[in-house]
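Reader: I would like to learn how to read a few features of a structure. Could you walk me through them, one at a time?

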Amino acid sequence: MRCRLPSVAVVMVTAMMAVATAQEKNDKGGNMKNYYYEKEKTSIFAMEYVPIGHLRTDPVVTQTCLSDHVHTFYGPPKLHPSVTYEDLRSSDETFHRTSGNLLENQSLYWHPSFYRVEEGGSKTLVEPDWVTVYYAYEQGGTQSFPEGFRMLTHPASGLDLTCYKYTSEGNGKTVYDNKESNQQKDSMKEGYQGGSCQEMAASIVFPTCWDGTTLGTEGDPVSHMSYGIGLEGGNLESFGYSNVVCPESHPIKLPQILLFLRFADYEGSRYILSNGDGSDWHADYIMGWEESFLQGILDGCGVQKDIPCGGTRLRNIFGTASGEPH
């Protein structure tokens, strides 16, 4: 069967027009400076992942066709376009329920794949060495993702790549001592190429305000979610604030997800995305938690930088950095 795919850009433009209209109506030009946002009261837990696969599928955009570009996935080995919440929760073999280190989280995450451009012009797929997935929330004031929930985000900030260099302190702790940001907001058609560093990181932040009714199905995985007022950039700096003010159209706070991709020992090679354009940097999510388990974390688990309270560590995934976003 031949499929005519809606591009991610078309899906995003159609849905974001509705969100932008709602935000303009509710905010009247407000920005973060008009609100008292802080990070000290935010609870955060973290999970480590390695890729589970790279495929031309995008189950949030189309459930019947292939995608027009390759994505890199993290989570359960269930990458078919028609994958459902029930599929993600149905794995029998414990160790293979997810490519992450937390057994209870069988959610699926993905983004356009990275490629290294070789001297002759050929392209080689590059996997992140590992990815940290952070959840930020206000304890006792955040609702779990509902079963069947899915979303796609396309932050206005575009692709943000940062190079880090590390030093070891006397106590053995590894910290970064220098970073060099290269924000690819407009285009990556020529590729990103920077100086060598111990870790090149790419990040993307999902919105946290929900309309309370729709799950991101029925061909619209975007407009049911909104960033907090003044935090619409979706960049690393916008992650982890408390007291977030949501638009009236999207009044319910869900956990805020940050994907933090880590490429160790970057040597300065030229990198491009599978969709060839950094302005179309995006990521997708399908909820795979037991809803009551996640709600218990959000209600009763305080600040952590590791797997959450009551979680089962499935495996150890180690990297070169301290494990925190910088």
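Author: Gladly! Let's begin with strand pairing: two strands pair if DSSP finds at least two bridges between them. In this predicted model, Trp-210 stands opposite Met-225 in strand 13.

Reader: How many bridges join strand 12 to strand 13, and do they run parallel or antiparallel?

Author: Strand 12, residues 209–210, is joined to strand 13 by 2 bridges, and the two run antiparallel.

Reader: What is the strand order in the open sheet of 3 strands?

Author: The order is 13-12-14, with antiparallel pairing. Strand 13 (225–226) and strand 14 (252–253) are the edge strands, each pairing on one side only.

Reader: Let's turn to disulfides. How many does the structure hold?

Author: There are 3. For each, look at the S to S distance, then at the torsion, and then at where the cysteines sit. Cys-209 is joined to Cys-246, S to S 2.1 Å. The torsion about their S-S bond is about -75 degrees, so this disulfide is left-handed. It links distant parts of the chain: Cys-209 is in strand 12, while Cys-246 is in the loop between strand 13 and strand 14, 37 residues apart.

Reader: Are Cys-209 and Cys-246 buried or exposed?

Author: Buried means under 20% relative accessible area. Cys-209 has 0% relative accessibility, so it counts as buried, and Cys-246 is buried too, with a relative accessible area of 14%.

Reader: Which parts does the disulfide of Cys-163 and Cys-197 tie together?

Author: Here the S to S distance is 2.3 Å. Cys-163 lies in strand 9 (residues 159–168) and Cys-197 in strand 11 (residues 197–205), so the pair ties together parts that are 34 residues apart in sequence. With a torsion of about -50 degrees, this disulfide is left-handed. Both Cys-163 and Cys-197 are buried.

Reader: And is the link of Cys-301 and Cys-309 left-handed or right-handed?

Author: That link is right-handed, with 80 degrees about the S-S bond. Its S to S distance is 2.2 Å. Cys-301 is buried, at 1% relative accessibility, whereas Cys-309 counts as partly exposed, at 35%.

Reader: Last topic: cavities. What does a search of the whole structure find?

Author: The search finds 2 cavities of 30 Å³ or more. The largest cavity has a volume of about 130 Å³. Of the 14 residues that line the largest cavity, Ala-136, Tyr-137, Thr-208, Tyr-241 and Val-244 are the closest to its centre.

Reader: How does the lining of the largest cavity divide by class?

Author: The lining has 6 nonpolar, 6 polar and 2 charged residues.

Note on methods
Residues numbered from 1 in each chain as written. Predicted model: local features only at pLDDT ≥ 70, side-chain atom pairs only at ≥ 80, totals over all residues. Heavy atoms only, no water. 1 Å grid on protein atoms, 1.4 Å probe; cavity = no way out; pocket = protein on both sides within 12 Å on 5 of 7 lines; lining within 4 Å. Points joined across faces, edges and corners; volume = space filled by probe spheres on them. Nonpolar A, V, L, I, M, F, W, Y, C, P; charged D, E, K, R; others polar. Helix = DSSP H or I, 4+ residues; strand = E, 2+ residues; numbered from the N terminus. Disulfide = S-S within 2.5 Å. Buried < 20%, exposed > 50% of the residue type's maximum accessible area, 1.4 Å probe, protein only.
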